[in-house]
Amino acid sequence: MALDYRGDPPQLIPASRFKYHLPYFTPQEVERLSEKQRGKLSITQEEKARQQACGFIEAIGADIGFPRKTIATAQNLYHRFHLFFPRKDFAYHDVCIAALFVSCKIHDTLKKTRDVLIASYAVRFPDRAAKAKAMGGEIDIDPNQMEHDRQRLLAIERLIVETICFNFNTRLPFPYVIKISRAFGASKRVSKLAYRLAIDSFRTLLNLQYPPHVVALGCLYLAALLSSFERGTTPEQPGHNSAHQIAATLSKSGDWGRQFQAHIEDIEEIAHEVIDLLIAAAQTPTTANTSPQTPSSPSPHLSRTPAAPSVQVPYKADQLIRLKIVMRETEHPSRIRESVAGGENIAFDKSDSTLLGRNDKTVRFMFAPPGMVDAV
């Protein structure tokens with residue numbers, strides 16, 4: 001006879017394992033997890049795979065018409081997924097589509113699985129999509145193949161929602177960019193650049209490491225630096241602070257740190273990470289992706305997809321490098337961050353990820369880190 005636990009409090013229900021949701025990871029945790037899932041890929045190859053996946057999500061989202069919040073969350077879900085699952089075990093486009101499908105549910109921008117798959121086929125097979133469009137129809141895909149892809153998408157969707165412990169609360173830096181820019185008296189030009197940098201930040205792992213208001217501050221800081229570096233002082237609009245003034249304020253500790261609960265060391269790390277992304281994009285010519293047979297491909301899974309939208313860089317690489325050198329000369333020492341796990345061992349090991357997606361063991365998913373759950 002099966003036992004009925006429906007009337008019991010959660011702490012009395014037996015479970016084979018607890019899995020706690022960690023909203024953010026320390027840089028050390030991210031590096032440790034990424035190294036484990038990277039496999040035989042080099043760091044450069046892993047970064048290339050990450051950028052191609054983010055571009056693929058961007059292209060599908062633009063084709064369907066998803067808002068920015070849906071696209072950004074999907075990119076973040078993709079990054080989180082590969083902190084727990086090896087890249088070699090999954091085709092990147094399958095994970096991207098599943099992440100986008102979960103994200104559209106989180107933000108209530110719902111689409112059917114067929115709609116998302118059709119959009120992905122149009123990005124993966126542009127020649128067939130162009131031919132179908134010329135004939136006034138949609139891309140022709142074998143129904144059996146589509147059903148096979150749908151089943152695979154649903155299987156990966158389950159793994160993704162388990163990696164976030166079914167916690168569908170999400171906070172993005174975009175509204176914080178607007179509010180913080182107003183608080184600092186930034187001009188519309190600097191605010192727009194900071195917003196654009198916040199969009200690009202989702203091509204990195206920053207949003208898995210820092211709260212959204214801290215990411216917004218880092219993007220505003222970099223936007224002010226980009227707008228003022230090697231440029232003369234220009235009068236801003238009445239009631240606004242110049243980019244030079246904002247950069248000078250955020251380059252040293254002050255009342256703003258207490259007001260926004262942020263550390264200068266963190267926003268400097270964010271600014272460096274984003275400018276590294278801009279430098280890499282400025283140094284890489286936009287070309288079609290290589291075939292899976294060529295040595296420059298980072299993985300056999302990175303095949304047949306056309307060049308996806310890349311980071312838009314209105315600056316030259318040498319200018320960005322000079323700015324980065326200046327930033328390094330004035331940066332503060334990195335601070336030691338404590339894990340949100342509260343000092344408990346959350347078992348970043350193989351057994352932790354192998355419990356996901358299984359039905360033979362009972363896993364209790366907690367919406368918060370151990371210390372916060374215990375406090376509740």
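Modeller: A residue counts as buried when its relative accessible area is under 20%. Cys 96 has a relative accessibility of 1%, so Cys 96 is buried by that cut-off. Cys 54 is buried as well, because its relative accessibility is 0%. The model is a predicted one, and a search of the whole structure turns up zero disulfides. Cys 54 therefore takes part in none, the nearest cysteine sulfur being that of Cys 96 at 7.3 Å. A disulfide needs two cysteine sulfur atoms within 2.5 Å. The closest cysteine sulfur to that of Cys 96 belongs to Cys 54, and 7.3 Å is too far for a bond.

Helix H2 covers residues 43-64 and helix H3 covers residues 68-81; their axes lie 10 Å apart and the angle between them is about 150 degrees. Angles over 145 degrees count as roughly antiparallel, so H2 and H3 are roughly antiparallel to each other. Their crossing is right-handed. On the H2 side, Cys 54 is one of the residues that make the contact, along with Ala 49, Arg 50, Ala 53, Ile 57, Glu 58, Gly 61 and Ala 62. H3 contributes Arg 68, Ile 71, Ala 74, Gln 75, Tyr 78 and His 79. Cys 54 is thus a buried residue, at 0% relative accessibility, and part of the contact between H2 and H3.

Note on methods
Residues are numbered from 1 along each chain as its sequence is written. This is a predicted model: local features need pLDDT of at least 70, side-chain atom pairs count only at pLDDT 80 or more; totals for chains, interfaces and linings use all residues. Side-chain values use heavy atoms; hydrogens and water are left out. Buried means under 20% relative accessible area, exposed over 50%, partly exposed in between (1.4 Å probe, protein chains only). Axes are lines fitted to C-alpha atoms, for helices over the stretch in contact, and angles run from 0 to 180 degrees between N-to-C directions. Helices (H or I, at least four residues) and strands (E, at least two) are DSSP runs, numbered from the N terminus. Angles under 35 degrees count as roughly parallel, over 145 as roughly antiparallel, 65 to 115 as roughly perpendicular and the rest as oblique. A crossing is left-handed if the near helix is turned anticlockwise from the far one by less than a right angle, and right-handed if clockwise. Contact means heavy atoms within 4.5 Å.
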